[in-house]
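Dear colleague,

I am handing over the structure below for your files.

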Amino acid sequence: MELLIYTYSDKMSMPLYSTDDLSDLGKNDQAGTVYEAVPGKEVFPELEDDSPWFYLFTYRSKADRVSKKLQERFQTFIHKTVVYNRRGKNIIKEEKPSVSGLIFVRGDCCDAIQKFLDTNFPGMYLVRDYYTKRTVSIPHRMMLPFMKISQLSADRIRFMPNSFGYYSSGHTLVTVTSGVLAGLEGYIVRIAREKRLVISVGNMTVAISGVSKETFENAEEYIKLRKLQQNDASSSNFIHLTSRQMEIDSCFFQPENRIDILAIARSLDKWITQAKFLVKDGKYSEAIDITMFILEEIGCRILHKGKSSNMDKVQDIIENICNEIILVLATMEESAKVPTEQKERIVMEKQSLVIRFPFLPISD
């Protein structure tokens, strides 16, 4: 049964990622500077049309002004990072574009954007392909995952100094067919000791981390199949479940191997992502409902029943799930916007979980 979400461009058997450590690629050369990527402030609605994206470079000092002017008629996007510089005994925090002067802009056609630039910023042009001399365009279906990741976890994105073709040596071209990265095509490369999906975005090379759980074409179908094989129609130990809890509960079954655990983890991704969006929208109670129920289910359905078997072999996967959830909860605990009663609820429910499930990898 083929469960991998990567579709190979040829039938040769090749490794999905390199064992070479390319940790020097994409690093900042300035000593004493640390980069921490953060989500951009722009809002990106999922428009019904499929208008493409284009991009341009301008002087760093003009980037904000140019972007604001373009926003009068078009949609723009600037991927930004937070830079911490040491100045004497002080650490100065600054927000800067990840690539100096880079602005993505979306419109019906490049001619309309270029005409707007000619009127407002003479001498400024959209980037053209070196060989074809045509304006470089990026399909919206490719930009959308890129922007979603930037909003949720911008540090997953790294602009690479080498061309896309540089990574073809020793790697097989693959296509992601599910998850937030569905439809993106690139190479799975080990960079800085982590697997990353290296893609081309408008002739620029970008590496996206956090692809380790992008493993199954359809985790839900796999889980249904495993339940049928186990003749398992049971659900959680909870007597009364809300409709949302029933949906989360359907992600679980009695795992027997690492592949089963990976399938469960992949199925839970959408719920953890939803919890992150709920926090951003200020719906803290709903976010707590989701995250706490997932932890409860892991304790009841995986660790409680499986600790005596081979669960030690999949502890890393379980810890990754729990760490993501704890990060969501910590964000609320540290935010001044979250009401005190919600913070107290998080503390009490975490303490209850630790007492009932001492093997659950969460801090008390």
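Strand β3 pairs with strand β7 (residues 102–106) in the antiparallel sense, over 5 bridges. Within this pairing, leucine 56 stands opposite isoleucine 103 of β7. Please bear in mind that the model is a predicted one.

Both strands belong to an open sheet of 3 strands, ordered β3-β7-β4 and paired in the antiparallel sense. The edges are formed by β3 (53–57) and β4 (75–77), each of which pairs on one side only. On average, and with direction ignored, neighbouring strands of the sheet are turned by 30° against each other. Helix α1 (residues 63–70) packs on this sheet and touches β3, β4 and β7. The direction of α1 makes about 5° with that of β7.

Helix α6 (residues 258–280) packs with helix α8 (residues 315–334) at an angle of about 10°, and their axes lie 9 Å apart. Since angles under 35 degrees count as roughly parallel, α6 is therefore roughly parallel to α8.

The residues that α6 brings to this contact are Arg258, Ile261, Leu262, Ala265, Leu268, Ile272, Ala275, Lys276 and Val279. On the side of α8, they meet Asp316, Ile317, Ile321, Glu324, Ile325, Val328, Thr331 and Met332. Sorted by class, the contact of α6 with α8 comprises 12 nonpolar, 1 polar and 4 charged residues.

With kind regards

Definitions and conventions
Residues are numbered from 1 along each chain as its sequence is written. This is a predicted model: local features need pLDDT of at least 70, side-chain atom pairs count only at pLDDT 80 or more; totals for chains, interfaces and linings use all residues. Side-chain values use heavy atoms; hydrogens and water are left out. Two strands pair if DSSP finds at least two bridges between them. Helices (H or I, at least four residues) and strands (E, at least two) are DSSP runs, numbered from the N terminus. Axes are lines fitted to C-alpha atoms, for helices over the stretch in contact, and angles run from 0 to 180 degrees between N-to-C directions. Contact means heavy atoms within 4.5 Å. Angles under 35 degrees count as roughly parallel, over 145 as roughly antiparallel, 65 to 115 as roughly perpendicular and the rest as oblique. Ala, Val, Leu, Ile, Met, Phe, Trp, Tyr, Cys and Pro count as nonpolar, Asp, Glu, Lys and Arg as charged, and the others, Gly among them, as polar.
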